[in-house]
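Student: Please take me through one part of this model slowly. I would like to follow the aromatic rings. Start with the whole chain, then go in.

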Amino acid sequence: MQRVDKLRFSIWHYIAVVIGISVSAVLVRSYPTAVWQLDEVASAASVLATVRVEHTIRGSSLSGLPNRTVLGGAELIVLRAFPPSALLPGQHIQLEYEQLPEGNSPMNRPDVPPLHSGSVWVVPLKPNPRLQGEPWRLIADEGIGTVIPAIEQQVRFPVQSQDKRGYLLQEVAAALSAGTREETLREASYLTHQTTNGYAVKMMQLLVSAMNGDTDRWAFVTASLVSPLGIPRPTIADFVSGTYRANAASWPGSLAEMSVRRLAKSSDGQEKLINQFLNISDLNEWGSGIALQEFAEAPTLVKELRSMLEAHRPGSLYVAYDVMKAGQHSIVATAMNTAFAYVNGASKRHSDIQAACWGIRDFGTDAQFKEFLSDIRRYQYQDQKQYDELWRDTIWSDNERERAVLDILLADQRMYDSSQRYSDVARGELARLSTPKSH
């Protein structure tokens, strides 16, 4: 259950949220597809423009659907475009598009473009059908991939694009090869919704040209491509060998597979890949932790992870928890020290505190778990927010130790929320624990 809890709360589990949205989209929307593939975007657009969003404006509600979407606008600055003559660099253009009302969560809402001030995107445009000279419109108002992440910097390739598809491929390759950590991971997250098999060969050619033999960057790009993938997913060894046990048809020839295989040709490719998974673990601890379980016995991982734990680097304890689950117990003592530091305020990040609770519950000694229970009791009346964080991150597991936490809640007759007391939460969880598991 703890993994599901992580998907619910982790920012980087945007991907899992989007998958759920996509499923509902297929059921209720009239659009031909909930996910716009890159080739579809290239075919449907009159103009492709790489832009920086200056600001957005929220407009009036649409149709009779309350709290669904509102018609808003954005002022965009053109960085480059295809065809080049359609829009000039530095030109300001207006865009009308549907967006969510202020303060609305995307959960169970339409998939609308996530434009915000300062962000950079490739926007596929069509003229506004109302009047000539009016603001541009996107090719569709809903759907994942109606806009594509990009970077402000222009990367020069040996041959510039001759068509819209080539333009999009170069923009994606530029973000992967020259983006910051955040920009590259954003691009990789976009690619998780794409069927890359159709253009992986061309993309690899562009990346080879842009990265010019930089193995560290290849390792970074590979880690960025693999870590956002959902589960079950292939291991690095699966990608290298081409042996896939799940969804075998989608992986051969994919960009992830080709990137892994190219890196594997380097004598130090595995070591650099481990380092890059750790490098991005503060941004995507879930994906890095899953990937690094495969390398749990690698000396490089143990050494670097221990150092990161000692420095309280964000994301390191979450990764350590996954690695310990894979059988690497030499870091347990260091992980416990970091976990207790987080429990007592050294980190305010939910995923760090969550990993601390999981780690102490599943790997702490009896004395350490007893100390943890004392911390929960101490926060019970001193700091209710921290109290709630600790017990929520400990129960809903398959570890019998959680019953000791439930005993604390059973005796707590205060209201947890408007509908239940803490004791009610405990009774519900005890009922689950007492239900025989089906086989």
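Tutor: Of the contacts in the chain with a separation of 6 or more, 70% are between residues 24 or more positions apart. Contact here means heavy atoms within 4.5 Å. This is a predicted model, where local features need pLDDT of at least 70 and side-chain atom pairs count only at pLDDT 80 or more, while totals for chains, interfaces and linings use all residues. Residues are numbered from 1 along each chain as its sequence is written, and side-chain values use heavy atoms, with hydrogens and water left out.

The chain has 19 helices and 6 strands. Those are DSSP runs, numbered from the N terminus: helices are H or I with at least four residues, strands are E with at least two. Of the 439 residues, 53% are buried. Buried means under 20% relative accessible area, exposed means over 50%, and partly exposed lies in between (1.4 Å probe, protein chains only).

Now the rings. The structure holds 12 aromatic pairs. Rings of Phe, Tyr and Trp (its six-membered ring) pair if their centres lie within 6.5 Å; planes under 30 degrees apart are stacked, over 60 edge-to-face, and the rest tilted.

Begin with W391 and Y416. Their ring centres are 5.1 Å apart and their planes meet at 70 degrees, so this pair is edge-to-face. W391 sits in helix α17 (residues 384–392), and Y416 in the loop between α18 (402–410) and α19 (422–434), so the pair ties together parts 25 residues apart in sequence. W391 has a relative accessible area of 0%, so W391 is buried. Y416 has 24%, so Y416 counts as partly exposed.

W391 also pairs with Y422. That pair is edge-to-face too: 6.0 Å centre to centre, with 80 degrees between the planes. Here helix α17 holds W391 and helix α19 holds Y422, so parts 31 residues apart in sequence are tied together. Both W391 and Y422 are buried.

Step back to the group. Ring pairs link Y387, W391, W396, Y416 and Y422 into a cluster. W396 is in the loop between α17 and α18. Its relative accessible area is 28%, so W396 is partly exposed. Its phi is positive, about 60 degrees, although W396 is not a glycine. Why point that out? Most residues other than glycine have a negative phi, and most peptide bonds are trans.

The backbone has other such spots. N212 has a positive phi of about 50 degrees and is not a glycine either. N212 is in the loop between α6 (200–211) and α7. With a relative accessible area of 68%, N212 is exposed.

F82 and P83 are joined by a cis bond, with omega about 0 degrees. P83 lies in the loop between β2 (70–82) and β3 (92–99). The bond from I231 to P232 is also cis, and its omega is near 0 degrees. P232 is in the loop between α7 (215–226) and α8 (236–241).

Find W391 on helix α17. Then trace its pairs to Y416 and to Y422.
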